[in-house]
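Subject: Structure for your review

Dear colleague,

Please find the structure below, handed over for your records.

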Amino acid sequence: MVSKEVMVDDDELVLSGLTLTVGRKYDISTAISGMEGMEIFEKEGGFALVLSDMRMPRMNGAEMLSEIKKRDHEVSTILLTGHTDFD
């Protein structure tokens with residue numbers, strides 16, 4: 001069985017790169033916003049991992065991953081950021 005993953009980033013080039021690399025071994029779904037990531041998570045279900053960028057409009061990655069953990073406490077989550085400030 002292939003593991004299902006969701007990758008969320010508002011930069012489509014980042015998503016393309018991750019999909020090319022990780023998509024060879026995993027079933028990848030992508031989203032360009034936290035809201036879209038939530039929709040995919042709810043609609044498709046059964047994900048082992050949700051990977052998200054931190055800085056995105058309207059709903060940041062930490063907020064999205066927190067909501068996802070409320071819905072499925074067993075899913076693994078990873079938060080990525082290219083910024084060094086943690087306001």
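May I begin with a question: is E42 buried, partly exposed or exposed? E42 is partly exposed, since its relative accessible area is 47%. Please bear in mind throughout that this is a predicted model.

Overall architecture

The protein contains three helices and four strands. Read from the N terminus, these elements follow the order β-α-β-α-β-α-β. The C-alpha trace spans about 40 × 30 × 20 Å along its principal axes.

Of the 87 residues, 31% count as buried. The accessible surface amounts to about 5,700 Å², and carbon and sulfur atoms account for 53% of that area. When contacts between residues at least 6 apart in sequence are considered, 56% of them join residues at least 24 apart.

In soluble globular proteins, nonpolar side chains tend to be buried together. Here, the largest nonpolar core comprises 14 residues, and V6, V8, F41, V50, M64 and I68 are those with the most contacts inside it. Strand β1 (4–8), helix α2 (34–44) and helix α3 (61–71) each contribute at least two residues to this core.

F41 deserves a separate word. Leaving aside residues up to four places away in sequence, F41 touches F47, V50, I68, R71, D72 and V75. Two of these partners, V50 and I68, are also listed with F41 among the core residues with the most contacts.

Helix α2

Which residues of α2 are buried? They are G34, G37, M38, I40 and F41. Viewed down the axis of α2, these buried residues fall within an arc of 165°, so they line one face of the helix. Their cover includes β1, β2, β3 (49–53) and α3. On the other side of α2, E39 and K43 are exposed. After the helix comes G45, which has a positive phi near 60°.

Strand β2, which takes part in that cover, consists of residues 27–31 and includes D27. D27 counts as partly exposed because its relative accessibility is 39%. D27 and E39 are separated by 12 residues in sequence, and their C-alpha atoms are 17 Å apart in space.

Salt bridges

Side chains of opposite charge can pair when their charged atoms come close. How many salt bridges are counted in this model? The count comes to three.

One of them joins R71 to E42, with the closest N and O atoms 2.5 Å apart. This pair links distant parts of the chain, since R71 belongs to helix α3 and E42 to helix α2, 29 residues apart. R71 is partly exposed, with a relative accessible area of 45%, and E42, as noted at the outset, is partly exposed at 47%.

R71 also forms a salt bridge with E67, where the closest N and O atoms are 3.1 Å apart. R71 and E67 are four residues apart in helix α3, so about one helical turn separates them. A further salt bridge brings together the side chains of K70 and E67, at 3.0 Å from N to O. Because K70 and E67 are three residues apart in helix α3, they too are separated by about one helical turn. An α-helix has 3.6 residues a turn, so residues three or four places apart point the same way. As for accessibility, K70 is exposed, with a relative accessible area of 61%, whereas E67 is partly exposed at 26%.

Taken together, E42, E67, K70 and R71 are linked in a network of salt bridges.

Yours sincerely

Key. Residues are numbered from 1 along each chain as its sequence is written. This is a predicted model: local features need pLDDT of at least 70, side-chain atom pairs count only at pLDDT 80 or more; totals for chains, interfaces and linings use all residues. Side-chain values use heavy atoms; hydrogens and water are left out. A nonpolar core is a set of buried Ala, Val, Leu, Ile, Met, Phe, Trp, Tyr and Cys residues joined through side-chain atoms within 4.5 Å. Buried means under 20% relative accessible area, exposed over 50%, partly exposed in between (1.4 Å probe, protein chains only). Contact means heavy atoms within 4.5 Å. A salt bridge is a side-chain nitrogen of Lys or Arg within 4 Å of a carboxyl oxygen of Asp or Glu. Accessible areas come from the Shrake-Rupley method with a 1.4 Å probe; for residues, only the protein chains shown count as cover. The arc is that of the directions from the helix axis to the C-beta atoms.
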